[in-house]
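Have the sequence and the 3D view open as you read.

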Amino acid sequence: MAEIQTLIEMGFSKERAEKALAVTNYKGVEPAMEWLLAHSEDSVMDVGQTIASSTPSSTNETDPPPPEGAESSSTDTPEAKSFKCDECGKLVKNQDEMEYHAAKTKHSSFSESTEEKKPLTEEEKKAQLALLEEKMKQKRKEREEREKAEILERERLRIKSGKDLQDARLRMQEQEMQKLVEQRRRDKIEDLKAKERVKAQIEADRQARKLAQSGQTQPEPTPVAPPPVINPNPAPKANYDQARIQLRLPDGQALAHTFGAKEQLAAVRLYLQMHAQEFAQQENFKLMTTYPKKIFTSEDYDKPLETLGLVPSAVIIVSRGQ
C-alpha cells in the first residue's frame, strides 16, 4: 500500500505502519501519523521484531561450512541489495518502494544495485517527523481557512439575497405611495371645483332673490363658459404607459393592481408574495394567461409587461407548483 510505504519512508517500521493504519481504520497517512506520534514511546510493537532480530537463525547454526576449494556463488554474481533509479539515482529497498517511487515521480528505469540502502539516523527521523508535522499543520490551517471562506461567502450571498428582496419591496411601497399621493391630489382638485360650483350657485340664488324683492325682472344670465374639466382618469394613450393586472388565486379570490407598462413581470410576482399569505414563502408557483394561453417561465420574469402583451390590462391565473 502507498500509505505503508510513505510511513516507512518517514522512518517507521513496517509493523508500526501497519498497526497505525489498522488502528485508524485505514483513513489515510495523516491519522496514522498522528497516532504514531502520540505512541512514539510505545515499544510493544517492536518487541517481536527485536526478538526476531536478536535470535540467530537455525539455518545459519546448522548449515555446514562450504567445502574447501569450492567457490562462493557470490563471487560470480554480486548479490543485489537494492534498486537504483537510473533517472534520479535514488536507492529503494525493495519492489514495493520501487513501485511507489515510480508512481510518485513517473520514473520508469530501474536497475539492481549492490549498494545497501542505509536506514535513517535518529536525527533524520526527527527531521522527517518535524517536517511531516509542519505539513499536517499547514494542511489543517488551509482547510480551516477554506471552510471559513466558504461560510463567509454563504453568509454574504444570504445577506445580498435578503437585501435585494427588501429593496424590491421598498420600491414597490414607494410606487404605491406615489400613486396614492397622486390620487389624493386629484381628489383635492375635484373637491375645490365642487366647492367653486356650489359657491357660484349660492351667489346666483342670492342675486335672484334680491331681484325678486325689488320687483325687477331677472335678466337673462350671460352664458359663461364652464371651466375646463380635468379628467382624473384620462383615456390611455395608444402606447399605454400602465397595465391593470388582475391576479386570480387558486381559492377563487382576486387581487388587482396597476403597474407601469415598463415594469418587469417580477414586480407582479413580488406583489403577489407581499399580498397573498399563501404564496409569501413559496417559490414554485406558476403564472399563466388563458387568452392566449401562456405559462410564464423564469426568463419571462425579466421582461417588461408591455413586451409580454399584458397592457393595458390582463388577467393572470396563479397556480400552485407541483
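First, the ground rules. This is a predicted model, so local features need pLDDT of at least 70 and side-chain atom pairs count only at pLDDT 80 or more, while totals for chains, interfaces and linings use all residues. Residues are numbered from 1 along each chain as its sequence is written, and side-chain values use heavy atoms, with hydrogens and water left out.

**Charged pairs**

Side chains of opposite charge can pair when their charged atoms come close. Here, a salt bridge means a side-chain nitrogen of Lys or Arg within 4 Å of a carboxyl oxygen of Asp or Glu. How many salt bridges does a search of the whole structure find? The count is 13, and the table shows three of them.

| Pair | N to O distance |
|---|---|
| R156 and E153 | 2.7 Å |
| E278 and R320 | 2.4 Å |
| K294 and D300 | 3.7 Å |

Start with R156 and E153. Both sit in helix α8, residues 122–213, three residues apart, which is about one turn of the helix. (Helices are DSSP runs of H or I with at least four residues, strands are runs of E with at least two, and both are numbered from the N terminus.) To say how open a residue is, we use relative accessible area: buried is under 20%, exposed is over 50%, and partly exposed is in between, with a 1.4 Å probe and protein chains only. R156 comes out at 43%, so it is partly exposed. E153, at 34%, is partly exposed too.

Next up, E278 and R320 form a salt bridge. E278 lies in the loop between α9 (265–275) and β6, and R320 in the segment after β8 (313–319), so this pair ties together parts that are 42 residues apart in sequence. E278 is partly exposed at 32%, and R320 is partly exposed at 44%.

Elsewhere, salt bridges that share partners join E182, R185 and R186 into one network.

**A buried strand residue**

Now find T289 in strand β6, residues 286–290. T289 counts as buried because its relative accessibility is 9%. Which residues does T289 touch, leaving out those up to four places away in sequence? With contact meaning heavy atoms within 4.5 Å, T289 touches K294, F296, L310, V315 and I316. K294 is also the salt-bridge partner of D300.
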